[in-house]
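Thanks for asking me to look over this structure with you.

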Amino acid sequence: MSDSAWRDMTTWLPRSANAVLAIDAEAMFQSEIAVQNDWRELHAENFDRNPTMLPPPTERFVLSTELDTEHFEPTRELAVISTSTPVDFIEIQKQVQGEVDTIAGMQSIHTVRDSYVVPINQHLVALIRQGSRQWAAQQLKDGRDRTEPQLSQILADAVEQVASGVSQIVVAVDLADAIPRSAMTVAIGRSGVLSNTALHSNSLVDEMTTLQGFVFSIDLAEKMNGKLEMVFAAEPTQLATVTKPIMLELLASAGAILPEFKQWRAVSRPRRMALQGELSVASLRRVLSLLVVESTGFEPETSTVETAATSRTGFSPEQIEKRATTNYVKRVMRLAESVVASGNANSLREQVLWTDRSAKAISRMSTRNVAYDVAKLGRRIAYEMLRIVSVYQEADQNARSRIASENPPPVQWHTEMTPYRTFVTPQGRFYRYRPFSYAQVFAEENAIHSRQIISEELAKANEKAKEISARIESGVLQLNRTQ
C-alpha cells in the first residue's frame, strides 16, 4: 500500500471481512465543498451532541464488516481510526461511560452495548461492534501478530484508492464466490434487459460468475462526484454492451438504486463496468447507511445530563439538553421525511432497503442528553418505519407465493406418436410411428404474468404504507413543534 499509515490500520482488519468503508477525513474536510459548507465545524458541533464513530480528531477511518450479502446486514464490525492528537484513554472512558477491561492482553473499554473501544497506540483506536468478546479478542490477537494486511484484493484496492488520494470515500463489497452459478442463471433468465437482447445466455452466465464485487467511490472537490463499479475477474465483453441498463436493473432488484444513477453516464475500464456522475448529500447519507457509521455501542444508553459534560463544554445542563434535543429532532425529521417522500415505491426491495436503514439509523442514534418525550417520539417514528418494512416484506412474500402457484412450469414437455415411414400394400396404407417429444416454453408469458402479480401486490402495499406514512408525518409535525 502506498501510504504506511493506511497499511498499519488495515493490518488490524480481519481476513473474513467482505466489505469496507474507508474515509480520508482530513482530505474530506479540506475539500472545497466541505470548506464552503463548514463541514468540519458542523461535524465537531454534532459530535458534541451525538458522538459518532468519527470523532473530530480523526484523520483516517476504515471500517471492515462481515456483511450478510443477501440482506446487506452487517454481522460483525471492526473499525480502526487514526487521530491527529494522542489517544486519551481516560477521556474516552468518560465519553462512552464504559467499563475498563482487558481483552487479548490489551487495555480496553467495554461499553453498555457489548462493544469495545481498544487503543492500539497513541494515534490508533480499534472499535469493535456486534462480535462476541471471544471474537473481538481473536481479531486483536491476529491483528497484533500480522505484518501485512489480509484483505481480499478488491477490498485492498478500494482502500488504496483512498490512501493514494484518488478518492476521499470508498465503499466496497466483495462478492467473489458469494452467488452460485444456478442463481446467476435464474437472474439472467428473468432479466428484462438481457432477455430483450441477442446476447448468448450461457456466455452471460460465464461472465457474471466472474463478478468480484462492487466499489462505490466518492471524489470531493467543488461538488461531490461518485462512481459505482462492478468489478470482474475477466473482461465482461457482452455485459459491457448494456452497462447502464443492466447495472440499473441489478441495483433496482437489490433495492439499492439512488435517484442520481439514472442520470449518470456509463464508463468502461479493464474488467470493470461503471456508472459515474454528480452525487447529492442525501444520497451520500444513503450510501454510508449500508455500512452504518453511527455510534451504536459507543455512547451511554441514557438521556440524562452529566455534570461532567457541563464542566467540559461550559454549557448549563438545560443548554446541553436543548442542543442535543434540537440535533436529534433534525436528524429524525430528515430520515422520516425521506421515507415519506419515497412513498409509492416502484420496487418492493427498494422500499424495504432504505426504509429499514432509516428506521435502524433512528434506533441507533444517541439519545444522550435528549429530552425523554422527544426520544420516545423518535422511537415511535422508527417503529412505524419498521411497520412499513413489514408491509413490503409481506407483499414480496405474497407475490412470490402467487407466482409459484399461478404460473405454469416455465417448460412443459409433451410426447406424441408421429409417423416416420409409410407402407403401401394391397390391403391399404400403413404407417410406422415413433415418439416425438417437444417442449412448450412459457418463459415470456410467465415473465409478463409475474410482473403483473408484483405490480398488484406493490399497489396494495403502497396503499397500506400511505396510512402508516400519515402517522409518520404526524410524528414529524409533533417533533417540529418541539424545536
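How many helices and how many strands does the chain have?

1. The chain has 16 helices and 14 strands. Please keep in mind as you browse that this is a predicted model. Of the 483 residues in the chain, 47% are buried. The exposed surface comes to about 23800 Å², and carbon and sulfur atoms supply 51% of that area.

2. A word on contacts along the chain. Among those with a separation of 6 or more, 70% are between residues 24 or more positions apart.

3. Next, confidence. Mean pLDDT for the chain is 81, and 83% of the residues reach 70 or more. Helix α7 (residues 153-163) has the highest confidence, at 95, whereas helix α12 (residues 307-313) has the lowest, at a mean of 44. Over residues 293-313 the pLDDT stays under 50, although the model has 71 contacts beyond four places in sequence for this stretch. Where pLDDT is low, the predicted coordinates should not be read in detail.

4. Now for the aromatic rings. The structure holds three aromatic pairs. One of them joins F216 and F261: the ring centres are 6.3 Å apart and the planes sit at 50°, so this pair is tilted. The pair links distant parts of the chain, with F216 in strand β9 (residues 211-220) and F261 in the loop between α10 (243-254) and β11 (265-269), 45 residues apart. F216 and F261 are both buried.

5. What kind of pair do F261 and W264 make? Their ring centres are 4.9 Å apart and their planes are at 65°, so the pair is edge-to-face. W264 is buried, as is F261. Through these ring pairs, F216, F261 and W264 are linked into a cluster.

6. In the largest nonpolar core, which has 60 residues, F216 and F261 have the most contacts inside it. Strand β9 gives the largest share of this core, five residues. A second, separate core has 34 residues, including L78, A104, L124 and L140. As background, nonpolar side chains tend to be buried together in soluble globular proteins.

7. Not counting residues up to four places away in sequence, F261 touches F216, L228, K244, L248, L251, A256 and L275.

8. Is strand β3 mostly covered or mostly open? Strand β3 (residues 73-83) is mostly covered, with nine of its 11 residues buried. Strand β2 (residues 58-68) pairs with β3 in the antiparallel sense over 10 bridges, and L67 has P74 in β3 as its bridge partner. Strand β7 (residues 124-129) also pairs with β3 in the antiparallel sense, over six bridges. There, I81 has V125 in β7 as its bridge partner.

9. Strand β4 (residues 99-103) and strand β5 (residues 106-110) pair in the antiparallel sense over five bridges, and E99 stands opposite H110 in β5. Two residues lie between the strands of this hairpin, where A104 takes a positive phi near 55°.

10. T102 lies in strand β4. Is T102 buried or partly exposed? T102 counts as partly exposed because its relative accessibility is 48%, and the buried class requires under 20%. Leaving aside neighbours within four places in sequence, T102 is in contact with S108 and R133.

11. Finally, N225, which is found in strand β10 (residues 224-232). With a relative accessible area of 34%, N225 is partly exposed. Which residues does N225 contact, leaving aside neighbours within four places in sequence? They are S217, I218, D219, G277, E278 and L279. N225 and E278 are 53 residues apart in sequence, while their C-alpha atoms are 4.3 Å apart in space.

Technical notes:
Residues numbered from 1 in each chain as written. Predicted model: local features only at pLDDT ≥ 70, side-chain atom pairs only at ≥ 80, totals over all residues. Heavy atoms only, no water. Helix = DSSP H or I, 4+ residues; strand = E, 2+ residues; numbered from the N terminus. Buried < 20%, exposed > 50% of the residue type's maximum accessible area, 1.4 Å probe, protein only. Contact = heavy atoms within 4.5 Å. Areas by Shrake-Rupley, 256 points an atom, 1.4 Å probe, with all protein chains shown as cover. Pairing = 2+ DSSP bridges. pLDDT = per-residue confidence, 0-100. Phe/Tyr/Trp six-rings, centres within 6.5 Å; stacked < 30°, edge-to-face > 60°. Core = buried A, V, L, I, M, F, W, Y, C linked by side-chain atoms within 4.5 Å.
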